[in-house]
Amino acid sequence: MAIDTEAIKQHVRGILEALGDDPDREGLKDTPDRVARMYEEVFEGMQYTNHEIAQMFNKTFTEQAGSEGKQQDMVIVRDIDIFSYCEHHLALMYDMKVTVAYLPRGRVIGLSKIARIADMVGKRLQLQERIGTDIAEIMQEILGSEDVAVIIEGTHSCMTARGIKKNAATTKTFTLRGRFQDDTSLQMRLFS
């Protein structure tokens, strides 16, 4: 479903009027258009299902077995920067760092694709918890492996810039699937 930029422009204009400002004054006359274009960019991920994102970034390679014929143990990509918007306040979730780990089962994914998946999932009205769940679901579909973990740490402007106003507060979420749920040795290696 395409983003309706004309409707966004009209509603932003109405918000400016509701705030008691003049949307036709010099500083605001182009604001509805700028906001509509920004929303097209920052909410791009809303146009796609998890399945469609998985198809978009499904670039995998055959895993090369080690010298003893064993599969590679774990792949981890840390500190993927993303941002998103809280669906409760339309407030920015920022300074978000995503870590994605998986156990290959014959296939590995291109590392840049993991970052692209995290970025696209963030481009939705979201909850941090759901970002982790969505990334894990997409990775599982692409890899054909249940063994996926996603760790996210982020700051939420709905807590820092308004309401409780606690600047140092960060939120950390853990999405553990497959062997990452129960295997404490895997968890220790992941969290170290």
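First, a caveat: the model is predicted. Everything I quote is computed from it.

Let's start with the whole chain. There are 192 residues, and 42% of them are buried. The C-alpha trace spans about 70 × 35 × 20 Å along its principal axes. Secondary structure comes to 8 helices and 7 strands. Now contact order. Take contacts between residues at least 6 apart in sequence: 69% of those join residues at least 24 apart.

Next, the sheet. In what order do the strands of the open sheet run? The order is β5-β2-β3-β6-β7. That is 5 strands, with mixed pairing. On the edges sit β5, residues 125-126, and β7, residues 171-176. Each of these two pairs on one side only.

Look at β2 and β3. Strand β2 covers residues 75-86, and β3 covers 92-102. They run antiparallel, joined by 8 bridges. Two pairs to pick out on screen: Ile76 stands opposite Ala101, and Ile80 has Val98 as its bridge partner.

Then β2 and β5. This pair is parallel, with 2 bridges. Here Tyr85 is partnered with Leu125 of β5.

Now the helices on the sheet. Helix α4, residues 111-122, lies across β2, β3 and β5. Its angle to β2 is about 20 degrees. Helix α8, residues 184-191, lies across β2, β3, β6 and β7. Its angle to β7 is about 140 degrees.

Last topic: α1 against α2. Helix α1 is residues 5-18, and helix α2 is residues 31-42. Their axes are 8 Å apart, and the packing angle is about 130 degrees. Roughly antiparallel would need an angle over 145, so this pair counts as oblique. The crossing is right-handed.

Which residues of α1 and α2 make the contact? From α1, we have Thr5, Ile8, Lys9, Val12, Arg13 and Leu16. From α2, we have Thr31, Pro32, Asp33, Val35, Ala36, Tyr39 and Glu40. By class, that contact divides into 7 nonpolar, 2 polar and 4 charged residues.

Definitions and conventions:
Residues numbered from 1 in each chain as written. Predicted model: local features only at pLDDT ≥ 70, side-chain atom pairs only at ≥ 80, totals over all residues. Heavy atoms only, no water. Pairing = 2+ DSSP bridges. Helix = DSSP H or I, 4+ residues; strand = E, 2+ residues; numbered from the N terminus. Contact = heavy atoms within 4.5 Å. Axes fitted to C-alpha atoms, helices over the stretch in contact; angles between N-to-C directions. Parallel < 35°, antiparallel > 145°, perpendicular 65-115°, else oblique. Left-handed = near helix turned anticlockwise from the far one by under 90°. Nonpolar A, V, L, I, M, F, W, Y, C, P; charged D, E, K, R; others polar. Buried < 20%, exposed > 50% of the residue type's maximum accessible area, 1.4 Å probe, protein only.
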